[in-house]
Amino acid sequence: MKKIVATIVIAFSLTMPLAGVLAATDGGTWLLPDCVESGKCNTCHMLELLVNWGQGSILILSLFAVFMFVFGGFWWLISTGNQERINRVKQIMIGAAIGLILSLMSYILVTFTISALSGKS
């Protein structure tokens, strides 16, 4: 259990700076709706904020899944033929694949729903 917690902490400590870099690419405003500067926000802008935060969290989860692939591949390389370690790494890789598929499906669902509700293509 301690190893799992340590793995999660290490993964988050490696992926959180990426979120900071992504937020800083346009001054950190990609999460905020355009109305923030004028102060004239309404309910639609609140929904836009929630969608942006959702897409940002999906992005971070996708990065975490890719990191788990790399982590699993590294542990597979150093397993030295130990079948117990290989089985554990296979479970990590399967979990990472499921996580990546779910995060991509949720991104597609969010994007489709927002485009269908807003009428934008």
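Modeller: Contact here means heavy atoms within 4.5 Å of one another, and the structure to which this applies is a predicted model.

Colleague: Which helix do the buried residues of α3 pack against?

Modeller: In α3, the buried residues are Ile86, Val89, Ala96 and Ser103. The helix that these buried residues of α3 pack against is α2.

Colleague: How many helices does the chain have?

Modeller: Read along the sequence, the chain follows the pattern α-α-α, and it has zero strands. The number of helices in the chain is three.

Colleague: In which helix is confidence lowest, and what is its mean?

Modeller: The chain averages a pLDDT of 77, with 76% of the residues scoring at least 70. Confidence is highest in α3, at 87, whereas the lowest value belongs to helix α1, residues 2–24, at a mean of 64.

Colleague: What distance do the end C-alpha atoms of α3 span?

Modeller: The 36 residues of α3 should span 52 Å at 1.5 Å a residue. The separation of its end C-alpha atoms agrees with that expectation, because it comes to 52 Å.

Colleague: Which residue caps the N-terminal end of α3?

Modeller: At the other end, α3 is followed by Gly119, whose phi is positive, near 80°. At the N-terminal end, a side-chain oxygen lies 3.2 Å from the backbone nitrogen of Glu84, and the residue that supplies this oxygen as the cap is Asn82.

Colleague: Why do Phe67 and Phe71 count as stacked?

Modeller: A search of the whole structure finds three aromatic pairs. One of them joins Phe67 and Phe71, whose ring centres are 6.4 Å apart. Planes under 30 degrees apart count as stacked, and the pair qualifies because the planes of Phe67 and Phe71 stand at 25°.

Colleague: Where do Phe67 and Phe71 lie?

Modeller: An α-helix has 3.6 residues a turn, so residues three or four places apart point the same way. Phe67 and Phe71 are four residues apart, about one turn of the helix, and Phe67 counts as buried at 19% relative accessibility. Both residues lie in helix α2.

Colleague: What is the geometry of the pair formed by the rings of Phe74 and Trp75, stacked or edge-to-face?

Modeller: Phe74 counts as partly exposed, at 48% relative accessibility, and Trp75 is partly exposed as well, with a relative accessible area of 34%. The ring centres of Phe74 and Trp75 are 6.2 Å apart and their planes stand at 75°, so the pair is edge-to-face.

Colleague: Which residues form one aromatic cluster?

Modeller: The stacked pair of Phe67 and Phe71 and the edge-to-face pair of Phe74 and Trp75 belong to one cluster. The members of this aromatic cluster are Phe67, Phe71, Phe74 and Trp75.

Colleague: What percentage of the residues in the chain is buried?

Modeller: The accessible surface of the chain comes to about 8,800 Å², and 74% of it belongs to carbon and sulfur atoms. Among the buried residues of α2 are Val51, Ile58, Phe64 and Met68. Of the 121 residues in the chain, the buried ones make up 18%.

Definitions and conventions. Residues numbered from 1 in each chain as written. Heavy atoms only, no water. Phe/Tyr/Trp six-rings, centres within 6.5 Å; stacked < 30°, edge-to-face > 60°. Helix = DSSP H or I, 4+ residues; strand = E, 2+ residues; numbered from the N terminus. Buried < 20%, exposed > 50% of the residue type's maximum accessible area, 1.4 Å probe, protein only. pLDDT = per-residue confidence, 0-100. Areas by Shrake-Rupley, 256 points an atom, 1.4 Å probe, with all protein chains shown as cover. Expected span 1.5 Å × (residues − 1). Polar contact = N/O pair within 3.5 Å; in protein donor to acceptor, adjacent residues only side chain to side chain.
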